[in-house]
Every structure is written in C-alpha cells, then in structure tokens.
Amino acid sequence: WLSRHGAIEASMKAMTPPRFKVERGVPLSGLSTFGIGGPARYLARCRTVSDLRRALDFAQREGLHQNVFVIGKGSNVLFDDRGYDGLVIANELDFCDEISVASTSSNDEEELSLRAGSGYAFNTLGQRLSTAGWGGLEFAAGIPGTVGGAVFMNAGANGFETCEVLACAEYMTSEGELKSLDFREGSCGDSGGSGFAYRTSPFQKMGGDLLAVVSATFSVRSSPGAKARAREYMVRRGQTQPLRDRSAGCVFRNPVGEGMPSAGALIDGAGLKGHSVGTASVSPLHANYLVCRETGAHSARDMRALIEEVRARVREHAGVELTTELKIVPFQAGEDGG
C-alpha cells in the first residue's frame, strides 16, 4: 500500500541518518500547535530507539531524569510561558512498514497488518490507508498529532477509536527498557479487558514508569468505500472545527454517562462561545476548541485562565466538572500543571 514516493522517501532517510544531538534554548512555541511556550533547557530530536536511549543517558548525566517530557506534533500540549526546565524529547520515529496482507476467513476481503513509528503522523496514516482502500482508520484523516499520541490518548472521532484497530504496541520505560503490549485478545471499552476506554489507555496508567510509546501495529481490512468515508469526515471536520486557528484540538473530555451533553455543548450552553481572556478565546465555531487570537503574543497564562474560567462557568451553569484532555506542562517538575 505504500506509494512509490513513500518508498523513495523512506530509502533516502535510511541512507542519510542524522546524527543525534541535544540543543539548548529551543523555543517550544515552534513545537506546539498553540504557538505557545518559552525555551526548553534542552531539546533532543529522536529518530530511532537508540536515540531515545541516548536522550535518557543524557538526562541521567545532567540530573534531569525526573524532568523529561516527550512530544510528538505538539497538538495536545500547553507549555509554560517560561518554557521547560528539563529535557524535551521530540519524537520523530516516523517509519511505516507493511508486515503482511492475508485473506480473512470469509475470503471476501483482505487484512493488512502494518507497523508505524510513534512519531509518524496519524493524519497521514489515515489518509494513505483510506486512499489505498483499507478501512478502519478513516477517522484519523484530519486528526493532528502522531501515532504515539493517538495510542496514548486512544484518539477517536466519528464514533471510532484507535484501539479498535490496534493489534499491539511497543513502548520504552523510563529506564530505557523496550517492552510490548498485545491487544489482539482484548476489546475496546471499559469492560473489554484491554485497558482502553474513552480517551484512556493502559499507557496513561504507567505514569512515570513510561518514557514513550515507540511503535504501533494496526490491523485493517480492505474496504472499497474507505476513501469516500475519509473524505466525508474531512469535509465535516472543516465545516465544524476551527482548523485554520491555532489550537490544540478539543481541550476538555466529554463527560461520561448516558444522555450527558458533550463538553462543547456544555460550554456553548454556558454562553461562552467567542469569550476571551487576553489572547485566548473560545472558538465561535466549536466551543470545545480554545484558540489563540491572531493578534498579540500568545500566552499560556491567558490560556490557563480561560480554561479555569470555562470550567467554573460550566460548573455553575450545569453542575458538571469538566476535565482536560489537554496536557498542561509546568516549567519545572512538581509545579502545578493544571
């Protein structure tokens, strides 16, 4: 299913592997879809498993093993205006390999297994698979972020979730050990036994023992309508979400419970669409998107103030406590990250 262009690109990367290096003072605003964040004390761009281990070794030598933060495309994080007083690892493990294609038991469709690096763009994966006639990840088309982020958050849209097509995943512990989890026997949902639920994965429960998801193996099936469905989802996304604004996607988790309104509906019901605090605003198009206004210097302080005001107003109006799916990253470990 890989295009000729993709194969050539992968070949070129293999021929010229960049050297691992650690940089100082890189502005995190350039690594965040919000465009917010001061400088990282150190930044390491990791393109291989060996690079991840080198980054861990560096953190140990510098006494920063408790101050390591891993990012992908920066689409679900809010950095501090002062930056991050530790090591930021930019996950660039962006390989994607076909493992096998096999007929299913009914022989009327094929099943493709493929392994993608955690730094591979989730949007690209969904688009390339659906264009090639493989179904299961059409919903990923248009979702910002990486494969690793999608697995960690169990990203989803249009009634589908990442865990539905996830066969297994490799991850690295904070000690540099490579491990894997197999999900072929479990199923999605609170009672499925896999550890996945709405915006929840077993990796979130690992806490400080987890460094990063390294790769994910997906199992998808041939589907002639996949390309059309992905296009339909993309059109709908463009009509209902502020894709041209600087945002981090949906900020709040939808409340769980039968008949519960979505977070966006609750925020809208509290009359907050278009409401601003400094340079941060509630999108008039989709209330669960908090966006940076076009003018002025974007500020984490403003965004955090807006988040807290939204939570307070929804609590007052509807009696519901909203929780963030956005990761708020403090300047130093131990500070309040929200």
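Modeller: Let's start with a definition: a salt bridge is a side-chain nitrogen of Lys or Arg within 4 Å of a carboxyl oxygen of Asp or Glu. The model here is predicted, so local features need pLDDT of at least 70 and side-chain atom pairs count only at pLDDT 80 or more, while totals for chains, interfaces and linings use all residues. Residues are numbered from 1 along each chain as its sequence is written, and side-chain values use heavy atoms, with hydrogens and water left out.

Colleague: What makes Glu111 and Arg221 a salt bridge?

Modeller: Their side chains come to 3.4 Å, N to O. That value is within 4 Å, so the pair qualifies as a salt bridge. Glu111 sits in strand 7 (residues 110-117) and Arg221 in strand 13 (residues 210-222), so this pair links distant parts of the chain, 110 residues apart. Strands here are DSSP runs of E with at least two residues, helices are runs of H or I with at least four, and both are numbered from the N terminus.

Colleague: Why is Glu111 called partly exposed?

Modeller: Buried means under 20% relative accessible area, exposed means over 50%, and partly exposed is in between, using a 1.4 Å probe and protein chains only. Glu111 has 28% relative accessibility, so it counts as partly exposed. Arg221, with a relative accessible area of 38%, is partly exposed too.

Colleague: How do you know that Arg115 and Glu170 meet in a salt bridge?

Modeller: Their N to O distance is 2.6 Å, which is within the cut-off, so the pair counts. Arg115 is partly exposed at 27%, and Glu170 is partly exposed at 22%.

Colleague: How many salt bridges does the rule give?

Modeller: The count comes to 18 salt bridges. One of them joins the side chains of Glu23 and Arg45 at 3.2 Å, N to O. Glu23 lies in strand 1 (residues 22-27) and Arg45 in strand 2 (residues 39-46), so parts 22 residues apart in sequence are tied together. Glu23 is partly exposed at 24% relative accessibility, and Arg45 is partly exposed at 25%. There is also a network of salt bridges that links Glu23, Arg45, Arg47 and Glu92.

Colleague: On to the rings. What makes Phe69 and Phe79 an edge-to-face pair?

Modeller: Rings of Phe, Tyr and Trp (its six-membered ring) pair if their centres lie within 6.5 Å; planes under 30 degrees apart count as stacked, over 60 as edge-to-face and the rest as tilted. The structure holds seven aromatic pairs. In the pair of Phe69 and Phe79, the centres are 5.9 Å apart and the planes are at 80°, so the pair is edge-to-face. Phe69 lies in strand 3 (residues 68-71) and Phe79 in the loop between strand 4 (77-78) and strand 5 (84-91), so the pair ties together parts 10 residues apart in sequence. Phe69 is buried at 14%, and Phe79 is buried at 1%.

Colleague: Why is the pair of Phe183 and Phe196 called edge-to-face?

Modeller: The ring centres are 5.0 Å apart and the planes are at 70°, so this pair is edge-to-face. Both residues lie in the loop between strand 12 (178-182) and strand 13, 13 residues apart. Phe183 counts as buried at 8% relative accessibility, and Phe196 as buried at 3%. Tyr171, Phe183, Phe196 and Phe203 form one aromatic cluster.

Colleague: Which residues of helix 3 and helix 5 meet?

Modeller: With contact meaning heavy atoms within 4.5 Å, Gln127, Ser130 and Thr131 in helix 3 meet Ala226, Lys227, Ala230 and Met234 in helix 5.
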